[in-house]
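Hello,

Please find the structure below, with its sequence. My notes on what was found follow it.

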Amino acid sequence: MRVVVAGATGLIGTALLPLLQARGHHVTALVRDESKTVSADTVVADALDPAAVRDALLAARPDVVVHQLTALRQMSAEAFETTARLRTEGTANLITAAREAGAAKLVVQSISFATAPLGDPVLSEDAPLYLDAPDPGWSRTVQAVAEMERLVLGTPDIAGTILRYGTLFGAQTQYDPAGPFGAVIRRGQLPIPSTATGVTSFLHVQDAALAALSAVDSDVTGVFNIADDEPAEGATWLPEYARLLGGPPPRPIPSDLAEKVLGWFANYQLTAMRGARTDRARTELGWKPTVSWRHGLASG
Ligand SMILES: NC(=O)c1ccc[n+]([C@@H]2O[C@H](COP(=O)([O-])OP(=O)(O)OC[C@H]3O[C@@H](n4cnc5c(N)ncnc54)[C@H](OP(=O)(O)O)[C@@H]3O)[C@@H](O)[C@H]2O)c1
């Protein structure tokens, strides 16, 4: 098949291109910066420019469009806002252009941890999203995710597959042991709330790319959580990550101080967030994770 990957220069895109090529697909990378080297044909467009995206997809003539666009290399408020725009306007641009170019399928990156913190510690794809999160940044993120998924699943003539990725780990992610977060943990500078029962479902970048490959090759459509086998409470993964990095155990702080010290999201992740069940991806997509956070978080 002819496959266009938008976000081909990102961590997941870079891992995905050779997997698609090894399966015999003709891959075109949609890039915004022509000077970046990728191991595929390229078309050039800023995803937020509808005319450029249209021209790019008309030139590439894809059967399948894969959307791995985010701006989350930096974890700033501006990067989250740009990512929300990529999820809404960028997705709408890709859909309009994909339809015009005659594509039959869209495979789109979403997140598994946008669910509301209600009910079981580990939730399926049917759980409600946290649209009314009290933090304005997080509610904007979740609303953009919901809009993106609605656009993709509601597009006539094009089959949509949403891959709700868990929290990414691996080289160059936020959890790269060589990165700034690893350094903070190694120095024992990240405290842990005294009740850290929030659950994180992690996902290695390579397993995220393998899930996108499965989705491109499958006739199955819909929403799939994609995460590792070991959803873990903050009280489990954070001390273990510190131990693996050779740092001291994180210092406990009273729960009522934790949001002030850690910020809204980190406190939410450690105290209330829910993990993701992946049964649907295993049975319907035939995908399963190859590495869990316990064996990969500290090795990049
Ligand atoms: N589920 C998760 O936990 C999750 C999800 C996503 C990202 N992240 C975090 O984000 C970081 C980077 O991940 P990543 O490499 O996948 O994401 P990324 O660096 O943000 O890359 C995403 C891709 O989107 C492209 N892009 C961004 N804006 C664009 C635009 N306006 N037009 C066209 N292309 C555009 C980028 O191109 P350029 O190369 O030109 O910038 C890149 O190819 C990691 O630390 C990861 O942990 C986490």
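Helices here are DSSP runs of H or I with at least four residues, numbered from the N terminus. By that count, helix α7 covers residues 234–244, and just after α7, Gly 246 takes a positive phi of about 80°. Please keep in mind that the model is predicted. Within α7, the buried residues are Gly 234, Trp 237, Leu 238, Glu 240, Tyr 241 and Ala 242.

The sheet

Seven strands make up an open sheet with parallel pairing, in the order β3-β2-β1-β4-β5-β7-β12. Its edge strands are β3 and β12, each of which pairs on one side only. From one strand to the next, the twist averages 20°.

Strand β1 (residues 2–6) is joined to strand β2 (residues 26–31) by five bridges, in the parallel sense. Within that pairing, Val 3 has Val 27 of β2 as its bridge partner. Helix α1 packs on the sheet and touches β1, β2, β4 (64–67), β5 (105–111) and β7. The direction of α1 makes about 170° with that of β1. Another helix, α3 (residues 77–101), lies across β1, β4 and β5 and runs at about 170° to β4.

Arg 164 has Asn 225 in β12 as its bridge partner.

Is Val 43 buried or exposed? Val 43 has a relative accessible area of 11%, and the cut-off for buried is under 20%, so Val 43 is buried. Leaving aside neighbours within four places in sequence, Val 43 is in contact with Thr 28, Ala 29, Leu 30, Val 31, Ala 56, Ala 59 and Ala 60. Ala 6 is 37 residues away from Val 43 along the chain, and their C-alpha atoms are separated by 9.6 Å.

One of those contacts, Val 31, lies in strand β2. Val 31 also counts as buried, at 4% relative accessibility. With neighbours within four places in sequence again left aside, its contacts are Thr 9, Val 38, Thr 42, Val 43, Val 44 and Ala 45.

Helix pairs

Two packed helices are described by the angle between their axes and the distance between the axes. Two pairs are given here in those terms.

Helix α1 (residues 11–22) packs with helix α6 (residues 205–217) at an angle of about 50°, and their axes are 8 Å apart. The two helices are therefore oblique to each other, and their crossing is right-handed. On the α1 side the contact is made by Leu 11, Ile 12, Ala 15, Leu 16, Leu 19 and Leu 20. On the α6 side it is made by Val 205, Gln 206, Ala 208, Ala 209, Leu 210, Ala 212, Leu 213 and Val 216. By class, this contact has 13 nonpolar residues, one polar residue and no charged residues.

The second pair is helix α8 (residues 255–262) and helix α9 (residues 264–271), whose axes come within 6 Å and cross at roughly 135°. These helices are therefore oblique to each other as well, and α8 passes α9 in a right-handed crossing. Ala 258, Glu 259 and Leu 262 in α8 meet Trp 264, Ala 266, Asn 267 and Leu 270 in α9. The classes in this contact are five nonpolar, one polar and one charged.

Helix α9 also holds Gln 269. This residue is buried, with a relative accessible area of 8%. Beyond its neighbours within four places in sequence, Gln 269 is in contact with Tyr 175, Gly 198, Val 199, Thr 200 and Trp 237. Of these, Trp 237 is one of the buried residues of α7.

Regards

Definitions and conventions: Residues numbered from 1 in each chain as written. Predicted model: local features only at pLDDT ≥ 70, side-chain atom pairs only at ≥ 80, totals over all residues. Heavy atoms only, no water. Pairing = 2+ DSSP bridges. Buried < 20%, exposed > 50% of the residue type's maximum accessible area, 1.4 Å probe, protein only. Contact = heavy atoms within 4.5 Å. Axes fitted to C-alpha atoms, helices over the stretch in contact; angles between N-to-C directions. Parallel < 35°, antiparallel > 145°, perpendicular 65-115°, else oblique. Left-handed = near helix turned anticlockwise from the far one by under 90°. Nonpolar A, V, L, I, M, F, W, Y, C, P; charged D, E, K, R; others polar.
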